[in-house]
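Reader: I have a structure open and would like to go through some of its details with you. Could you take my questions one at a time?

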Amino acid sequence: MSLQKFISEAISPWMKNEGPDTDIVLSSRVRLARNLSDTPFPIVSTKENLEENISLVDTKFANKSHRKFGQMELLKMDDMKKNEKRVLVEKHLISPNLSDESKAGAVLLSEDESLSIMINEEDHFRIQVLLSGFQLKDGLIFANEIDDWMEDKVDFAFEEKRGYLTSCPTNVGTGLRASVMMHLPALVITRQMNRILPAINQLGLVVRGIYGEGSEALGNLFQISNQMTLGKSEEDIVEDLRSVVTQLIQQERAARESLLQQSKLQMEDRVYRSYGILSYSRTIESKEATQRLSDVRLGIDMGLIDDVSGNILNELMILTQPGFLQQYAGEILSTEQRDQRRATLIRERLKLENKN
């Protein structure tokens, strides 16, 4: 394996698997924050400390094979160009923080990219498992398996009373962040999301955009995750999130059915206008492309479009981001050039879909 393997394809192998409820839940993620017991945490570490941590990972985990995830490959941030790191962010394999701010960061990736272990981000390790569709329980099982696999070789900072110790107090305890990426266009169109969002926050959950904290909910994509990590078991945290997501799935499906029954003509017009714009535009901004792709995906899931793959939203949402556009071009592009290439790429992808 090599860096090029991980940045050459927009769709990670795990994304091609058909998970439960993929018409609404695009992916599930379970992340565990862990720190070494005998090393200063990254926020107060010297670069030498951080580089020693990377060497530790290289010795004990890199190029080792795991029963579930296969061989692991270590990629160092210092060995990568800015745009290469940006592509990994767009694929959700690393965080913007690791890409931009880490003094000496790295990531350990599995062959199918469903496992990403960020090294020297806010904590020494961020173990992240990604699965297609609504699979929070499986995500927790696999994350705990990796947690045990690592703890056999290193000692994590842990206290009997407080649990796992982390750089940020909000992660102390289990160190668990579970989240799902949901496509909720019908709830947005029917203006129910404005009522639902405050209710979700009151339940101890948080709603963010596609790239997590501080990002915008583009294309009607919402990332919903837990806030509390202390005082509850990992299983209870995941179950609370799973319960809320189940209700959101039901509400989104009901809203889609209502739109079909009461506003079918208007929905067809909306969906096919977006499909037409994507099919013939010569230039298109990222924000508009994302919204139009959301409309087309909704049309597919509602049965209004039957000759386009449902994976098109997942694929083009990543493929049309600035990092990927520049990676394919092999050069840094201006905003205008990116808008032109984005439109060309979408047109060609839709033509290929129609041909097939």
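Reader: Which ring does the charged end of Lys68 sit over at 4.4 Å from the centre?

Author: Happy to start there, with the rule: a charge sits over a ring if NZ of Lys or CZ of Arg is within 6 Å of the ring centre and within 35 degrees of the ring normal. Lys68 also lies over the face of Phe69, at 5.8 Å from the ring centre. The ring with its centre 4.4 Å from the charged end of Lys68 is that of Phe142.

Reader: Before we go on, what kind of model is this?

Author: Residues are numbered from 1 along each chain as its sequence is written, and side-chain values use heavy atoms, with hydrogens and water left out. Local features need pLDDT of at least 70, side-chain atom pairs count only at pLDDT 80 or more, and totals for chains, interfaces and linings use all residues, for this is a predicted model.

Reader: How many aromatic pairs are there?

Author: Rings of Phe, Tyr and Trp (its six-membered ring) pair if their centres lie within 6.5 Å; planes under 30 degrees apart count as stacked, over 60 as edge-to-face and the rest as tilted. By this rule, the count of aromatic pairs is 6.

Reader: Are the rings of Phe61 and Trp149 stacked, edge-to-face or tilted?

Author: Phe61 lies in the loop between H2 and strand S2 (65-66), and Trp149 in helix H5 (residues 136-151), so the pair ties together parts that are 88 residues apart in sequence. Helices (H or I, at least four residues) and strands (E, at least two) are DSSP runs, numbered from the N terminus. The ring centres are 5.2 Å apart and the planes at 55 degrees, so this pair is tilted.

Reader: Is Phe61 buried or exposed?

Author: Buried means under 20% relative accessible area, exposed over 50%, and partly exposed in between (1.4 Å probe, protein chains only). With a relative accessible area of 0%, Phe61 is buried.

Reader: Which residues does Asn53 touch?

Author: Asn53 has its place in helix H2 (residues 47-60) and is buried, with a relative accessible area of 2%. Contact means heavy atoms within 4.5 Å. Leaving out residues up to four places away in sequence, Asn53 touches Leu36, Ile119, Asn120, His124 and Phe125.

Reader: Which exposed residues are on the face of H7 turned away from its buried side?

Author: In helix H7 (residues 193-202), the buried residues are Met193, Ile196 and Ile200. They cover an arc of only 60 degrees (taken from the directions from the helix axis to the C-beta atoms), which puts them on the same side of H7. The face turned away carries Asn194, Arg195 and Gln202.
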